[in-house]
Amino acid sequence: MNDLFAELGLRRVINACGYVTALGASPVSDEIVSAVSGILGHNVEMSDLQRAASETIAGWSGSEAGCVTACAASGIAVGIAGAITGEDLAHIERLPHDPGPKNEVIVQKGHCVDFSGNITQMIHLAGARPVEIGSVNGCGAYQLSGAITERTAAALYVLSGQAPQGGFIDLATFCRVCHERGVPVILDAATDYDLKPFVAAGADLIIQSGHKRLGGLTAGIVAGKERYVRAAYMQERGIGRAMKVGKEGVVGVIAALKRDSALDHDAVYAHEHARLDIIVDRLKGVPGLSVVIVPDSTGKPLSRAAIHVDPKRAGVTAHVVARRLAEGEPSIKIEDYSSAYGILGIEPTCVSDRDVETICERIAEIVRTGAEGTPPQSTETFDDRRHRLLRTWPRRIPGGPQA
């Protein structure tokens, strides 16, 4: 078989960031590839396939029903649209330009995160208007209650490591306050592990990614109360038509959930933690670096290696370390969200044991060579990300595929 990377002019990547969409999310397991291959050569009634997916999602999550969307972001958009329209097809066809008077979606200000897309833009896609409550570092239940009016269609709750932790309304309280006023709660839990606690907490609609932790093809999972799932699914006659998922995505979700149900999760977590122990051991003698293992801030059964870089002793900043790792061959991508504070992160979910050794060797080498020839910039800004996007596409890459 030809090397697809060479044929398309692609770089090899070691992904130490975790389930990141920009890096192709997670590697797809052999059993999911096999299941998807079984449907690709055939036609199928998509409604029948979605019905089968609903049964699988409901059994796996403990919810009443489920459906599959193009991705988690589209799941949020069609979930909100469904809260506005219900199953009224005429109303569905009027979105987003005519949502009607009940078109507000409440969200805590600290939950308005950027996930390489803005969470509030997903609200606008449905024709709704976001109503932000609280501040960037806190929110109270009284503010939620005070924001609910006859115009409120839904409330959105976001579980994300990118959102500030602490000082915000917990999910159970959020659901209780909303339900007391007849408002459904939509939960963005794109990268979470187990939806059952969220169903128990009262979330009416829960959105998860099918291609991140679950390791399936690109897709989103919508789970929850049947009335809200049906309304979300029916958006395929409206704004959801631009977000439709194919047969391969639906079968990929079904196979991923079956695989997940059979996994020994404790063994998986133990293996991931062992990789972090290796990182601590390999980097403990590197000048200017200190490494600690930290649990996930949102309570997921996941830990990361936090590498603290002292630029005076290491001779290089955290940002430069991350940039040089990314520029190497293979390209190594690590978490650099906190590089301005001298902290880098390594998530063990998408790396092999050999990858871990390679990452540590490269980091040690970068520190040994120091900051010679590097610019003074200390971290990447949002403007830098925009400029990087404009540099890399759609301009033709030398040696890449030709039209």
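Colleague: What relative accessible area does R282 have?

Modeller: R282 has a relative accessible area of 39%, so R282 is partly exposed. This is a predicted model, and the value is computed from it.

Colleague: Which side chain does R282 meet in a salt bridge?

Modeller: The partner is D281, with 2.8 Å from N to O. D281 is at 36% relative accessibility, so D281 also counts as partly exposed.

Colleague: How many salt bridges does the structure hold?

Modeller: There are 24 salt bridges. Side chains of opposite charge can pair when their charged atoms come close.

Colleague: What about R129, which side chain does that one meet?

Modeller: R129 meets E104 in a salt bridge, at 2.5 Å from N to O. That pair links distant parts of the chain: R129 sits in strand 4 (residues 129–133) and E104 in strand 3 (residues 104–108), 25 residues apart.

Colleague: Is E104 buried or exposed?

Modeller: Buried. Its relative accessible area is 5%, and the cut-off for buried is under 20%. R129 has a relative accessible area of 43%, so R129 is partly exposed.

Colleague: With which other residue does E104 form a salt bridge?

Modeller: With R151, the closest N and O atoms being 3.0 Å apart. This pair also links distant parts of the chain, with E104 in strand 3 and R151 in the loop between helix 7 (141–147) and strand 5 (152–158), 47 residues apart. R151 comes out at 36% relative accessibility, so R151 is partly exposed.

Colleague: Switching to helix 12. What span should its 19 residues have?

Modeller: At 1.5 Å a residue, helix 12 (residues 265–283) should span 27 Å. The end C-alpha atoms of helix 12 are 28 Å apart, which agrees.

Colleague: Which residues of helix 12 are buried?

Modeller: E272, R275, L276, I279 and L283. They cover an arc of only 95° around the axis, so they lie on the same side of helix 12. An α-helix has 3.6 residues a turn, so residues three or four places apart point the same way.

Colleague: And what covers the buried residues of helix 12?

Modeller: The cover includes strand 9 (289–295), strand 10 (303–309), strand 12 (343–346) and helix 15 (353–369).

Colleague: Then helix 3. How far apart are its end C-alpha atoms?

Modeller: They are 22 Å apart, and the 16 residues of helix 3 (residues 46–61) should span 22 Å, which agrees. The buried residues of helix 3 are L49, Q50, A53, S54, T56, I57, A58, W60 and S61.

Colleague: What do those buried residues of helix 3 pack against?

Modeller: They pack against strand 2 (65–69), helix 9 (196–201), strand 7 (205–209), strand 8 (220–224), helix 10 (226–233) and helix 11 (247–262). Just after helix 3, G62 takes a positive phi of about 80°.

Colleague: Last topic. How many cavities of 30 Å³ or more does the count come to?

Modeller: One. About 90 Å³ of space lies in the largest cavity.

Colleague: Which residues lining the largest cavity are the closest to its centre?

Modeller: T69, V78, A232, E236 and G240, out of 13 residues that line the largest cavity. Strand 2, helix 4 (72–85) and helix 10 are the elements that give two or more residues to the lining.

Colleague: Where does the largest share of that lining come from?

Modeller: From strand 2, with three residues. Strand 2 is also among the elements that the buried residues of helix 3 pack against.

How values were computed
Residues numbered from 1 in each chain as written. Predicted model: local features only at pLDDT ≥ 70, side-chain atom pairs only at ≥ 80, totals over all residues. Heavy atoms only, no water. Helix = DSSP H or I, 4+ residues; strand = E, 2+ residues; numbered from the N terminus. Expected span 1.5 Å × (residues − 1). Buried < 20%, exposed > 50% of the residue type's maximum accessible area, 1.4 Å probe, protein only. Contact = heavy atoms within 4.5 Å. Salt bridge = Lys/Arg side-chain N within 4 Å of Asp/Glu carboxyl O. Arc of directions from axis to C-beta. 1 Å grid on protein atoms, 1.4 Å probe; cavity = no way out; pocket = protein on both sides within 12 Å on 5 of 7 lines; lining within 4 Å. Points joined across faces, edges and corners; volume = space filled by probe spheres on them.
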